[in-house]
Amino acid sequence: MKRVILSADGDSVVYSVPDAVADHLEKYCEQFCSGWLWDSPQAEKYRRDFGGYQGVSFNEADFIEYLNKYRFPDTPSVFVENLGWTSLGEDLPEAYRDLPYFNF
């Protein structure tokens, strides 16, 4: 398990995730938000009609739920720490600056 930082235009949150996710964070995040959210029947709860425009509404905790339920159920990701607002990763504490970061 390795640590990553995730955000959804809000607080930066540290999670412990499977090594494969940390090593290829962008790939897993893109698969989630560009593929699974739109194509999977399990993702129906995230889809919305925004006045004639079809979209999705989710945050980083939803990505963690996806990892735990559908991708890595035997190696669950866990919350570590909420770092608060970090200007989308620009103002991370020194100890976290080398961690993979993704903002949804």
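This is a predicted model: local features need pLDDT of at least 70, side-chain atom pairs count only at pLDDT 80 or more; totals for chains, interfaces and linings use all residues.
What covers the buried residues of α2? Helix α2 runs over residues 25-39. At 1.5 Å a residue, its 15 residues should span 21 Å, and the end C-alpha atoms sit 20 Å apart, so the two figures agree. Still, α2 has a bend of about 35° at F32. F32 is also one of the buried residues of this helix, along with L25, Y28, C29, C33, G35, W36 and L37. As for the cover, it includes β1 (2-7), α1 (19-23), β3 (47-49), β4 (54-56), α3 (60-71) and β6 (101-103).

Now for the sheet. Four strands make up an open sheet, ordered β5-β2-β1-β6, with mixed pairing. β5 (78-84) and β6 are the edge strands, each pairing on one side only. From one strand to the next, the twist averages 25°. Helix α2 packs on this sheet, where it touches β1 and β6, and its direction makes about 25° with that of β6. Over at the other end of the order, β2 and β5 pair in the antiparallel sense through five bridges; V14, for instance, has E81 in β5 as its bridge partner. Then there's α3, which lies across β1 and β2 and runs at about 10° to β2.

What about the core? The largest nonpolar core has 24 residues, and L6 and F63 touch the most other members. Two or more residues come from each of β1, β2 (12-17), α1, α2 and α3, with α2 giving the most, seven. Among the residues L6 touches are L25 and C29, both buried residues of α2. Apart from this core lies another, of five residues, including I5, V14, L83 and Y96.

Methods:
Residues are numbered from 1 along each chain as its sequence is written. Side-chain values use heavy atoms; hydrogens and water are left out. The expected span of a helix is 1.5 Å times one less than its number of residues. The bend at a residue is the angle between axes fitted to the seven residues ending there and the seven starting there. Buried means under 20% relative accessible area, exposed over 50%, partly exposed in between (1.4 Å probe, protein chains only). Contact means heavy atoms within 4.5 Å. A nonpolar core is a set of buried Ala, Val, Leu, Ile, Met, Phe, Trp, Tyr and Cys residues joined through side-chain atoms within 4.5 Å. Two strands pair if DSSP finds at least two bridges between them. Axes are lines fitted to C-alpha atoms, for helices over the stretch in contact, and angles run from 0 to 180 degrees between N-to-C directions. Lists of a residue's contacts leave out its neighbours within four places in sequence.
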